[in-house]
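Visitor: I'm new to this one. Could you show me how to read it, feature by feature?

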2 protein chains.
Amino acid sequence: MPSGPGAKLTDVAALARVSVGTVSNVLNRPDQVSFDKRTRVLAAIEELGFVRNESARSLRSGSTRSLGMLVLDVRNPFFTDVALGAENVAEEHKHSLILANSAENAGREQAYLDLFEQQRVQGVLITPFGQVLQRLGRMRERGIPSVLVDRLASTDQFCSVSVDDVAGGATAVEHLVSVGSVRPAFVGGPFTLQQVEDRYRGAADAAARAGVPLQLFETPDLKFERGRQIGDLMGNLQPDKRPDAVFAANDQLALGLLQSFAANGLRVPEDIAIVGFDDIDFASQSSIPLSSISQPRQLIGERAAQLLFDEIDAETGHEHSQVVFTPELVARQSTLRR
Amino acid sequence: MPSGPGAKLTDVAALARVSVGTVSNVLNRPDQVSFDKRTRVLAAIEELGFVRNESARSLRSGSTRSLGMLVLDVRNPFFTDVALGAENVAEEHKHSLILANSAENAGREQAYLDLFEQQRVQGVLITPFGQVLQRLGRMRERGIPSVLVDRLASTDQFCSVSVDDVAGGATAVEHLVSVGSVRPAFVGGPFTLQQVEDRYRGAADAAARAGVPLQLFETPDLKFERGRQIGDLMGNLQPDKRPDAVFAANDQLALGLLQSFAANGLRVPEDIAIVGFDDIDFASQSSIPLSSISQPRQLIGERAAQLLFDEIDAETGHEHSQVVFTPELVARQSTLRR
DNA sequence: CATTTGTCTTGAATCGATTCATTCAAGAAC
DNA sequence: GTTCTTGAATGAATCGATTCAAGACAAATG
């Protein structure tokens with residue numbers, strides 16, 4: 001029965017009657033070792049239950065096999081999907097992904113970046129919350145590059161993968177108009193969030209082009225509860241003053257609206273149509289399936305990780321690039337009369 | 001402008017004109033260092049942008065500051081909440097949590113356990129998927145203890161934190177009966193999942209006690225789509241043969257039922273009441289808020305992490321314990337006529 | 001003044017795997 | 001028979017922070 005702290009590489013070497021170098025080769029370059037020594041070493045590893053010490057490995061070799069990923073909210077399905085995509089790519093490169101949650105808290109964000117630096121991760125995928133671009137720049141100089149996720153890099157100092165929120169906002173309102181809306185509304189906020197700002201701008205532009213007004217209901221955040229509040233507020237409006245369609249800045253808000261309308265006896269989409277943004281799983285799983293603007297979530301994570309590895313592997317002359325996906329409308333019952 | 005691979009501890013020592021031991025003390029036992037040397041060292045650290053190399057630290061000290069957590073599905077909000085609870089406790093202990101996703105795949109599960117061993121994590125929180133108990137036992141002998149999460153340890157070899165699914169199932173059916181159901185049904189499967197088995201058993205017992213039959217609709221998995229299928233199937237039954245209430249083995253199924261019923265013109269709860277299990281956020285955010293059996297998700301993660309640290313810190317004589325939470329009913333509109 | 005006590009400092013040894021210059025063996029070429 | 005070439009194997013040096021026995025120094029004690 002094995003016990004105690006595990007065997008080390010020298011023990012394996014001793015048992016297999018080879019040098020430590022050979023054991024290391026079996027681990028890292030097995031094809032450079034003759035068949036019989038290789039089998040002897042593998043047998044010894046098996047017998048001793050040897051597990052290589054990653055700390056020692058990366059200390060000596062100077063490189064870890066891990067990426068750090070810092071998201072705004074692990075509880076948000078959008079980010080877990082993005083993380084999944086990134087993880088798949090990391091796995092292909094035999095790296096592991098350390099997922100951390102800044103929880104929209106600048107202190108935690110800094111703390112996790114500290115951690116990533118200490119762990120000497122090979123690179124960082126991040127949806128920044130606080131003012132971290134400078135710091136990320138310094139980290140790059142020290143050999144830890146990063147890619148911005150779900151954010152367009154405003155400088156050409158970084159790679160980034162994002163979604164064209166302006167186009168998404170326009171698509172949403174165009175769709176509402178095309179299904180007959182003449183009094184559409186936008187629900188969302190705060191406008192300090194770039195994405196809210198962009199989605200609204202796209203929506204406003206599209207409304208202007210279509211020659212319809214766009215009512216604005218600003219919210220302090222993007223949570224479900226706000227959607228319900230705004231919904232209740234709309235329910236109390238005169239039917240002829242009430243919007244006949246709503247574009248919600250994200251699906252959480254849209255679900256809140258939907259619940260409120262159901263409770264207040266407003267029919268969706270007959271009395272009021274709704275389109276959300278993100279197309280989270282629950283959008284399609286709502287009682288009245290929710291139309292939404294869909295982002296290629298896993299793909300975002302995959303591309304981001306690919307760009308990161310590109311920069312990591314580039315000996316020199318890596319060109320930063322900005323990948324911008326165009327989100328797509330998924331029309332469902334909340335905007336389509338059956 | 002700093003650049004290149006960062007400064008190391010000896011550089012700091014040289015710049016601050018102290019020994020490496022003193023720098024190490026500033027980092028780890030700052031109160032044992034005199035004021036002026038401490039400030040000199042801190043200034044040097046600042047100036048050089050020194051970041052301690054975690055690999056070297058843990059190689060020498062023999063201990064990492066991290067836990068591994070292996071869940072069945074990061075996309076499931078249940079697990080992210082549990083992880084959040086665990087992370088909070090880990091943070092209190094100045095440890096970081098490495099979150100990994102076995103995705104209900106035995107191969108990935110093993111691979112991540114390999115990784116955790118190589119990284120020499122201090123302990124593992126795991127919701128096992130494959131046959132890993134033996135391996136976990138071996139890992140404990142080598143100094144890496146583990147706690148089972150959302151699983152009752154069948155032996156006293158492990159600590160575990162779980163939920164009393166039998167009680168939960170009973171509560172669900174008792175509630176349905178109390179709101180007037182005389183033809184309740186259970187939807188869920190496969191019964192190879194312990195939790196499905198337990199929830200059904202509790203439900204069946206409660207039904208028997210109440211003197212009502214319990215119809216069974218078995219599903220091959222617990223996904224939304226299955227719920228919708230079963231819902232469509234129920235919708236086609238004669239009204240007098242159709243269940244008047246459903247207990248779904250989880251919320252995803254319940255949401256599927258809800259959508260199907262809405263599409264087929266069945267009123268919830270008037271024609272058919274629904275209660276789910278897990279009380280995920282989206283249960284309360286559905287158009288018709290879903291009654292559900294609620295598990296203290298974050299608390300599960302917290303307790304699990306606490307038990308793990310207890311075992312890690314125990315020099316000797318740690319007593320394994322099984323924590324079992326009793327889940328609670330959260331009654332909402334899907335079972336309560338307004 | 002000598003001695004003891006306690007507080008800071010010091011720096012060589014150490015953790016365990018990888019690296020790489022060097023050695024070795026065996027077959028090929030001359 | 002000698003020299004080259006090639007592929008395998010070797011093992012001492014190394015990565016960077018921590019440890020801890022030993023030393024330095026100042027203050028307190030007798």
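Guide: We'll go through the DNA contacts, then the sheet strands, then a few single residues.

Guide: Some ground rules: this is a predicted model, where local features need pLDDT of at least 70, side-chain atom pairs count only at pLDDT 80 or more, and totals for chains, interfaces and linings use all residues. Residues are numbered from 1 along each chain as its sequence is written, chains are lettered from A and ligands numbered from 1 in the order in which they are written, and side-chain values use heavy atoms, with hydrogens and water left out.

Visitor: Which residues come closest to DNA strand C?

Guide: A residue is near a strand if one of its heavy atoms lies within 4 Å of it. Here 24 residues surround DNA strand C, and the closest are A:Leu9, A:Arg29, B:Thr22, B:Ser34 and B:Arg60. Of the atoms of DNA strand C that come within 4 Å of the protein, sugar and phosphate account for 74%. The surrounding residues divide into eight nonpolar, nine polar and seven charged. For those classes, Ala, Val, Leu, Ile, Met, Phe, Trp, Tyr, Cys and Pro count as nonpolar, Asp, Glu, Lys and Arg as charged, and the others, Gly among them, as polar.

Visitor: Which elements supply at least two residues of that surface?

Guide: Helices (H or I, at least four residues) and strands (E, at least two) are DSSP runs, numbered from the N terminus. Near DNA strand C, the elements are helix 2 (20–28) and helix 4 (54–61) of chain A, together with helix 2 (20–28) and helix 4 (54–61) of chain B.

Visitor: On to sheets. What is the strand order in chain A?

Guide: Strands of a sheet pair through backbone hydrogen bonds, either parallel or antiparallel. Two strands pair here if DSSP finds at least two bridges between them. In chain A, an open sheet of six strands has the order 7-6-8-9-10-12, with mixed pairing. Strand 7 (215–218) and strand 12 (328–330) are the edge strands, each pairing on one side only. Inside the sheet, strand 8 (245–248) and strand 9 (273–278) of chain A run parallel, joined by three bridges. One pair of bridge partners is A:Val246 and A:Ile274.

Visitor: Is A:Ile274 buried or exposed?

Guide: Buried means under 20% relative accessible area, exposed over 50%, and partly exposed in between (1.4 Å probe, protein chains only). A:Ile274 is buried, because its relative accessible area is 0%. Contact means heavy atoms within 4.5 Å, and the residues A:Ile274 touches, beyond those up to four places away in sequence, include A:Leu257, A:Phe261 and A:Leu290.

Visitor: What about B:His95: where does it lie?

Guide: B:His95 is in the loop between helix 5 (77–92) and strand 2 (96–101) of chain B. B:His95 counts as buried because its relative accessibility is 14%. Beyond its neighbours within four places in sequence, its contacts include B:Arg65, B:Gln122 and B:Phe309.

Visitor: Last one: which residues cover the two faces of strand 3 of chain B?

Guide: In a regular strand the side chains alternate between the two faces of the sheet. In strand 3 (123–126) of chain B, B:Gly123 and B:Leu125 are on one side and B:Val124 and B:Ile126 on the other, all buried. Strand 3 runs parallel to strand 1 (66–71) of chain B, with four bridges joining them, and B:Met69 stands opposite B:Leu125. Strand 3 also pairs in the parallel sense with strand 4 (146–149) of chain B, over three bridges; there, B:Ile126 stands opposite B:Leu148.
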